[in-house]
Amino acid sequence: MPDPILKTEGLNSFYGDFQALFDLDIHVEEGEVLAIIGANGAGKTTLMRSITGLLKNGANEVSYRNEPIGHLRADQIASKGLALVPEGRQLFPSLSVEENLLIGGRVGRPGPWNLKTVCELFPILDERRNVPSTALSGGQQQMVAIGRALMSNPDLLLFDEISLGLAPVIIKTIYDALPGIVGEGMSAVIVEQDISKALAFSSRVYCLQEGRVSLEGASSTVSRDDISRAYFGVE
């Protein structure tokens, strides 16, 4: 078996004195789409922040392509080929759609994603490229956030709460676009509260419960009973 593109080993993450993750071991295979599910407060966003350098960890607690990255800054991690689509989009409100997208391209990694290809993926962004990001709907802002991450031409793309707060028609539009994003061998991690969406789009799933892994398995074989037990910690 080839080595995973990403792994955490004994990952412990803190906010001050509060511990959010406990000895977490996960891995992402090359070219795989991995789903992370769990209730609010389970540690999903903390995991994404830890992987991408927004929370500092021990150097060896997070590894990317067998290189320890837990101690690196977020910009250093991005330059290695990881990109995050953060919860809540976190666009720059004073910038236009195009300017927000161009910020993602400042990483300078070569690859297929640029303004043209991002706007082909989400045509509405081409129509609104000179509009302030604050003038967009929630769904359009999510498209900008995804496009900004793609502009860095990552090898591993992490989506934190990809459909949170969006209308069903927008969720469908975004999920319809995802095969075109990951279809060329890109690895992806999707944090998702819609369990059906998470299982349908991923090959493997982890469930987190109070900062620990409560379930790991192939998305096609885990049962709803397994997920319910893992989600709520009931026997």
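Is R73 buried, partly exposed or exposed? Select R73 to begin the tour; with a relative accessible area of 44%, this arginine is partly exposed. Keep in mind throughout that the model is predicted.

**Stop 1: R73 and D75**

The side chains of R73 and D75 form a salt bridge, with 2.9 Å from N to O. D75 is partly exposed as well, at a relative accessible area of 47%. This pair belongs to a set of 13 salt bridges in the structure.

**Stop 2: R109 and D155**

Next, select R109 and D155. Their side chains meet in a salt bridge of 3.0 Å, N to O. Colour the two loops that hold them: R109 sits in the loop between α3 (97-105) and α4 (115-121), and D155 in the loop between α6 (138-150) and β7 (156-160), so this pair ties together parts that are 46 residues apart in sequence. D155 counts as partly exposed, its relative accessibility being 26%.

E30, R65, R109 and D155 are linked in a network of salt bridges.

**Stop 3: D226 and R229**

Move to helix α9, residues 224-232. Here D226 and R229 join their side chains in a salt bridge, at 2.6 Å from N to O. What separates D226 and R229 along the helix? The two are three residues apart in α9, which means a separation of about one helical turn. Show the surface around the pair: D226 is partly exposed, at a relative accessible area of 28%, and R229 is partly exposed too, at 37%.

**Stop 4: two residues with positive phi**

This stop concerns the backbone. Most residues other than glycine have a negative phi. Select D23, whose phi is positive, near 45°, although D23 is not a glycine. D23 lies in strand β2, which covers residues 18-28. Its relative accessible area of 53% makes D23 exposed.

Then select E210. What is the phi of E210? The angle is about 55°, again a positive value in a residue that is not a glycine. E210 is placed in the loop between β9 (204-209) and β10 (212-218). With a relative accessibility of 57%, E210 counts as exposed.

**Stop 5: S13 in strand β1**

Select S13, in strand β1 (residues 6-15). Is S13 buried or exposed? At a relative accessibility of 1%, S13 counts as buried. Show the side chain of S50 next: a polar contact of 2.7 Å joins the side chains of S13 and S50. To see the surroundings, display the residues that S13 touches, leaving aside those up to four places away in sequence: F18, Q19, A20, L21, T46, S50 and N57.

**Stop 6: the largest pocket**

The last two stops are about empty space. Rolling a probe the size of a water molecule over the atoms shows where such space is left. The largest pocket has a volume of about 610 Å³. To find the largest pocket, select L54, A78, L84, P86 and R148, which lie nearest its centre among the 23 residues that line it. Then colour α1 (44-51), α2 (74-79), β6 (82-85), α3 and α6, the elements that each give two or more residues to the lining of the largest pocket. Which element contributes the largest share of this lining? That element is α2, with four residues. Coloured by class, the lining of the largest pocket shows 12 nonpolar, five polar and six charged residues.

**Stop 7: the second largest pocket**

Finish at the second largest pocket, which holds about 250 Å³ of space. Select N40, G41, A42, G43 and K44, the closest to its centre of the 19 residues that line the second largest pocket. Strand β2 gives the most to the lining of the second largest pocket, with four residues. By class, the lining of the second largest pocket is made up of seven nonpolar, eight polar and four charged residues.

Notes. Residues are numbered from 1 along each chain as its sequence is written. This is a predicted model: local features need pLDDT of at least 70, side-chain atom pairs count only at pLDDT 80 or more; totals for chains, interfaces and linings use all residues. Side-chain values use heavy atoms; hydrogens and water are left out. Buried means under 20% relative accessible area, exposed over 50%, partly exposed in between (1.4 Å probe, protein chains only). A salt bridge is a side-chain nitrogen of Lys or Arg within 4 Å of a carboxyl oxygen of Asp or Glu. On a 1 Å grid over the protein atoms alone, a cavity is a set of points where a 1.4 Å probe fits but cannot get out, and a pocket is an open set with protein on both sides within 12 Å along at least five of seven lines; lining residues have an atom within 4 Å of a point. Grid points are joined across faces, edges and corners, and a volume is the space filled by probe spheres set on the points. Ala, Val, Leu, Ile, Met, Phe, Trp, Tyr, Cys and Pro count as nonpolar, Asp, Glu, Lys and Arg as charged, and the others, Gly among them, as polar. A polar contact is a pair of N or O atoms within 3.5 Å; within protein, one must be able to donate a hydrogen and the other to accept it, and residues adjacent in sequence count only if both atoms are side-chain atoms. Contact means heavy atoms within 4.5 Å.
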